[in-house]
Amino acid sequence: MKLLNSTSFQRMESALYNAEARQRVISNNIANAETPNFKRSELLFEELIADAMGTNSTSSLKGQTTNDRHITINGGKLGLPTSKIVTDTTTAMNSTTNNNVDPDAEMTLLAKNQLNYNLYVQQLNHEFSMMRIAITGGK
């Protein structure tokens, strides 16, 4: 039985991993808010999901492959995209340190990420609860 290999569990697992990775990236930005010449980083995942699902208006049609030997069309591949860390090297907040970390903005992103993480955990708990009810018959 592959109860935990369903698509919804894989999506939730991927979302949890990316929320945890985003936590590390934001924490690193906050820790280096006073470091000269430090440039903030950002984890991209939702944008890549939107591109993969075709909901982003700038995306183009992508083919889906199920085997590595298949020919890809516009880089299309079946499954979830992996997250990507991007460093913003074009801006500077403080001209004396040439740093671009805004601690208030980073704290806001940290709170948002924590709320998203809690939502993912609640959704997984709900899925497990539903599975338990299905197995035990609600007893």
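In what order do the elements of the protein chain run from the N terminus on? They run α-β-α-β-α. This is a predicted model, in which local features need pLDDT of at least 70, side-chain atom pairs count only at pLDDT 80 or more, and totals for chains, interfaces and linings use all residues. Residues are numbered from 1 along each chain as its sequence is written, and side-chain values use heavy atoms, with hydrogens and water left out.

**Whole chain**

Start with a cartoon of the protein chain. Three helices and two strands make up its secondary structure. Both kinds are DSSP runs numbered from the N terminus: helices are H or I with at least four residues, strands are E with at least two.

Switch to a surface. The accessible surface comes to about 9900 Å², and carbon and sulfur atoms hold 56% of it (Shrake-Rupley method, 1.4 Å probe; for residues, only the protein chains shown count as cover). Of the 139 residues, 25% count as buried (buried is under 20% relative accessible area, exposed over 50%, partly exposed in between; 1.4 Å probe, protein chains only).

Now the contacts (heavy atoms within 4.5 Å). Among those with a separation of 6 or more, 69% join residues 24 or more positions apart.

**Helix 1: R24**

Select R24, in helix 1. R24 counts as exposed, because its relative accessibility is 51%. Its side chain makes a polar contact of 2.8 Å with that of E20 (a pair of N or O atoms within 3.5 Å; within protein, one must be able to donate a hydrogen and the other to accept it, and residues adjacent in sequence count only if both atoms are side-chain atoms).

R24 and L110 are 86 residues apart in sequence, yet 9.7 Å apart in space, C-alpha to C-alpha.

**Helix 3**

Then pick the end C-alpha atoms of helix 3. They are 49 Å apart, which agrees with the 50 Å that its 34 residues should span at 1.5 Å a residue (1.5 Å times one less than the number of residues). Step on to G137, which follows helix 3 and has a positive phi near 75°.

**Two loop asparagines**

Most residues other than glycine have a negative phi. Select N37, in the loop between helix 1 (7–31) and strand 1 (41–44). Its phi is positive, near 65°. N37 is exposed, at 52% relative accessible area.

Finish at N98, in the loop between strand 2 (84–87) and helix 3 (103–136). Phi of N98 is also positive, near 55°. N98 is partly exposed, at 33%.
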